[in-house]
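Hello,

Here is the structure for your files. My notes on it follow below.

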Amino acid sequence: MEATETKQYIIVNLGTEQYGIEIKYIENIIVMQNITRVPKAQSYFLGVINLRGEVIPVMSLRKKLELGSDIFTSVSRIIIVKPEPSAAPVGIIVDEVKEVITLESSDVEMLNYDEKDEKASLSAGVGKYGNELINLLNIPGIVLEKEASKKKNKGTS
Amino acid sequence: MDVSQYLEIFIEETKEHLQNLNEQLLILEKEPENEGTINEIFRAAHSLKGMAGTMGYKRMQRLTHDMENVFSEVRGGKMKVTSQLVDILFKGLDALETYLSNIQNEANEGTEDYQDILNALDDFMKAGMGNAEGTKEAVASNPKVSVQEVPVDHGKHKYLNIKIEEHEKKAIAKAGMLGLNVVGLTVYIQEYCVLKGARAYMVNRSLEEHGEIIKLYPTAQDLEDEKYDFDYSAFIITKESPEKLSQLAMRVSEVKEVVADYIKLSDADQEAYTAAVKQDEALQSQPKTVKDPGSLKAGNAPAAKQTTKPVANRSVRVDIEKLDVLMNLVSELIIAKNSLISLGSDGEKQQENGFHDQIEYLERVTTNLHESVMKVRMVPIESVVNRFPRMIRDLSKKLNKDMELFMTGEETELDRTVIDEIGDPLMHLLRNAADHGLESNEERERAGKNPVGSIFLDAYQDGNNVMIEVRDDGGGINVEKIKKKAIERGAITEDAAQRMTDKDIIDILFQPSFSTAEQVTDVSGRGVGLDVVKTKIEALGGEIEAKTKLGEGSNFIIRLPLTLAIIQSLMVIIGSEKYALPLGSIQTVENVATSEIKKVQGKEVINLRGNVVPIVRLGNILDCEEKENAPDELLVVIVKKGEKLAGMVVDELIGQQEIVIKSIGKYIKNHKIVSGATILGNGEVALILDVNSLV
């Protein structure tokens with residue numbers, strides 16, 4: 001991809017694994033809120049929350065990545081992301097938010113997934129940070145579904 | 001004459017006049033010598049009288065007539081504005097408002113005569129002065145001039161009483177230059193004349209054949225509306241002699257008498273105005289068309305207010321500027337469309353770039369369009385708050401406390417739906433501030449404060465919210481007192497009270513049936529206070545918060561969302577979750593015994609007054625937690641979709657609520673069961689069920 005560009009990531013924990021979310025997608029990080037369940041929704045959407053008068057859908061990253069159910073603790077956080085600058089925000093639940101790191105593009109290796117593998121769209125590669133490997137999440141791939149044919153409906157506000 | 005078609009206009013305008021009168025009277029009470037105000041009041045009262053008369057509301061007309069007489073005396077300087085007088089006048093206004101609301105509800109004014117007010121007004125008239133001459137003198141187009149009018153008795157030559165205005169003097173001077181006569185005349189019409197409006201018109205027409213009428217007193221409009229007694233005066237520029245003109249006028253039947261003579265300007269005036277005329281030919285006036293400017297304009301209201309007249313009750317007066325913006329956006333849309341069409345003929349490379357540009361452009365235009373349309377629904381908060389100064393005045397008298405209301409941000413705009421609803425809560429808060437908030441004058445003095453209490457009402461926009469603050473500089477909320485009372489009432493335990501922060505304690509105020517006033521007064525303190533305010537504001541999607549400092553005053557802050565799409569809904573509980581059902585599709589709510597539920601082709605139905613209605617177990621569809629033991633009776637909300645009925649089984653009803661629709665975004669797909677969400681008063685999100693998709 002790029003030559004020697006640096007990008008900043010926020011490192012989050014999901015169980016024992018570390019994931020990175022590129023900072024440009026992140027709008028806000030908030031503590032856990034009361035989530036109103038939305039019936040018949042995709043299983044990984046836990047519901048909606050009220051963020052300063054806006055209703056924002058919240059998804060479970062664990063469920064999306066098939067890592068089992070969430071266990072909410074005092075360090076659980078909802079990261080509000082926008083997959084595209086003009087798109088509506090979505091909340092992503094993570095177990096813990098750790099730190100912000102800077103990675104050179106040379107430190108990021110793309111994984112060769114099978115084209116058909118659904119997970120391919122979820123990953124933006126693996127970052128090498130010190131001795132650790134960090135799964136970099138492809139936020140647009142996670143939030144926007146391929147088959148999303150539903151019309152944009154941003155509501156009234 | 002069938003006046004029903006004018007009823008809406010009449011109601012709207014009467015409201016405006018009454019509001020205007022209220023405002024001006026308040027000013028008058030403070031500045032009894034303010035001429036501008038007196039004139040404004042007089043004009044409004046006069047228009048009111050005329051309008052009521054035209055519509056055939058005799059009682060209303062009579063009352064306004066008497067009030068107008070008093071105003072007229074005040075204007076003539078023959079009567080002093082006293083507090084008692086203002087009180088009576090306010091009572092009169094209240095009576096007029098009652099008439100108006102009767103008219104609004106039943107299309108007639110009712111039968112109450114308010115004889116006491118009429119008598120009181122009469123007494124003032126008698127006490128004020130003996131000479132009733134000139135009371136009926138109607139409006140002049142320029143109030144400033146008519147104030148200086150000196151009531152010299154010119155006998156029947158009443159036209160000599162008329163103050164000639166600048167532009168008219170110019171016209172007279174000009175007539176002199178052209179060798180024409182200016183004749184003043186007063187026409188007396190027989191007292192038994194039925195259609196005096198028509199008579200005046202006929203006289204004027206015959207006079208106009210021989211000259212130009214430059215001034216009518218009362219104005220042509222008032223004459224037409226029969227807003228004069230039995231005489232009126234006119235100035236005419238003519239070649240004819242006064243005698244000839246009186247003969248002409250006398251030819252019209254039912255004219256009793258006409259007196260006429262030449263009108264001459266003083267020599268100095270003649271010279272000055274002759275010079276002016278030469279300089280300014282353009283100012284040749286047509287005073288015939290001068291109408292009463294007070295009939296349209298509401299005091300200090302923005303000019304935009306007069307742009308359109310509402311015809312229906314649910315209408316919104318729209319600022320012409322807002323419409324212009326809409327118009328511009330629509331034309332931009334057309335341009336965007338045209339650009340897209342022309343793109344079709346461009347090369348492929350160009351096409352791609354251009355296409356994206358146009359899409360972006362289009363998006364911008366549509367977003368703006370959306371915003372503008374929302375703005376059209378916005379109404380300045382002024383229309384709600386402008387009645388408060390009057391209210392505070394009354395409270396001040398009633399409570400025997402001196403207080404003043406300061407308002408800012410009246411121009412702040414809010415959605416029409418909110419405007420309609422916010423009045424009562426604000427009134428409540430203001431009453432609270434006046435009654436509980438402010439201390440008595442003596443107490444204030446003891447505390448070293450200005451004995452006159454201040455109440456502030458500030459409205460302003462803050463991001464996506466509109467904030468309204470009701471503030472007073474009174475004693476503040478006594479947290480200890482609330483604590484004590486709450487414990488007394490068993491609302492909280494003593495233990496809990498110890499742990500609660502001041503803020504928590506203040507929040508108790510918003511709980512149902514909690515009032516801190518030690519004495520229940522007539523004004524407030526009936527124990528249904530802040531909780532109602534809170535419910536109402538939350539129903540509007542807003543929040544309320546109280547801040548207080550003991551000894552320095554309290555502050556209630558209301559936060560309201562700026563843009564709204566509000567629907568009425570029935571809030572229900574299913575399982576442990578709250579849902580909103582749009583009220584529009586709900587027919588009835590029924591209690592159905594479980595034994596009444598029959599199975600037809602594997603589906604549950606009930607027989608509802610002869611209709612077979614299928615039952616939808618919302619709990620199952622929405623995968624809610626089931627209640628442990630199924631009750632014997634089910635609560636069934638009957639909804640209608642087209643011709644079809646269906647019964648939705650819910651666990652509990654919360655009640656009707658106005659809710660603000662928020663989208664839940666495009667990410668969640670749930671087969672359209674949920675049409676949106678709303679934020680409840682406590683910050684929780686409740687989903688709005690799309691009943692249609694469930695039937």
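**Notes on the predicted model**

B:Asp458 sits in strand β8 of chain B, which covers residues 453-462. The model is a predicted one. Is B:Asp458 counted as buried, exposed or partly exposed? B:Asp458 has 17 C-beta neighbours inside 10 Å, and therefore counts as partly exposed; the buried class would need 20 or more. With neighbours within four places in sequence left aside, the contacts of B:Asp458 are B:Thr408, B:Gly409 and B:Glu469. B:Arg471 lies 13 residues from B:Asp458 in sequence, and the C-alpha to C-alpha separation of the two is 8.1 Å.

Next, a helix pair in chain B. Helix α15 (residues 388-399) and helix α16 (residues 416-437) have axes that come within 10 Å and cross at roughly 30 degrees. The crossing of α15(B) with α16(B) is right-handed. On the α15(B) side the contact is made by B:Phe388, B:Met391, B:Ile392, B:Leu395 and B:Leu399, and on the α16(B) side by B:Met427, B:Leu430, B:Arg431, B:Ala434 and B:Asp435. Of these contact residues, 8 are nonpolar, 2 are charged and none is polar.

Last, the nonpolar cores. The largest has 71 residues, and the members touching the most others are A:Ile21, A:Val48, A:Val58, A:Val81, A:Ile92 and B:Met648. Strand β22 of chain B (residues 685-689) contributes the most to this core, with 5 residues. Beyond four places in sequence, A:Ile92 touches A:Met59, A:Leu61, A:Ile78, A:Ile79 and A:Val81. A second, separate core holds 39 residues, among them B:Ile381, B:Ile392, B:Met403 and B:Ile508. B:Ile392 also belongs to the α15(B) side of the helix contact.

Regards

Definitions and conventions
Residues numbered from 1 in each chain as written. Chains lettered and ligands numbered in written order. Predicted model: local features only at pLDDT ≥ 70, side-chain atom pairs only at ≥ 80, totals over all residues. Axes fitted to C-alpha atoms, helices over the stretch in contact; angles between N-to-C directions. Helix = DSSP H or I, 4+ residues; strand = E, 2+ residues; numbered from the N terminus. Left-handed = near helix turned anticlockwise from the far one by under 90°. Contact = placed C-beta atoms within 7 Å. Nonpolar A, V, L, I, M, F, W, Y, C, P; charged D, E, K, R; others polar. Core = buried A, V, L, I, M, F, W, Y, C linked by C-beta atoms within 7 Å. Buried ≥ 20, exposed ≤ 12 C-beta atoms within 10 Å, placed from the backbone.
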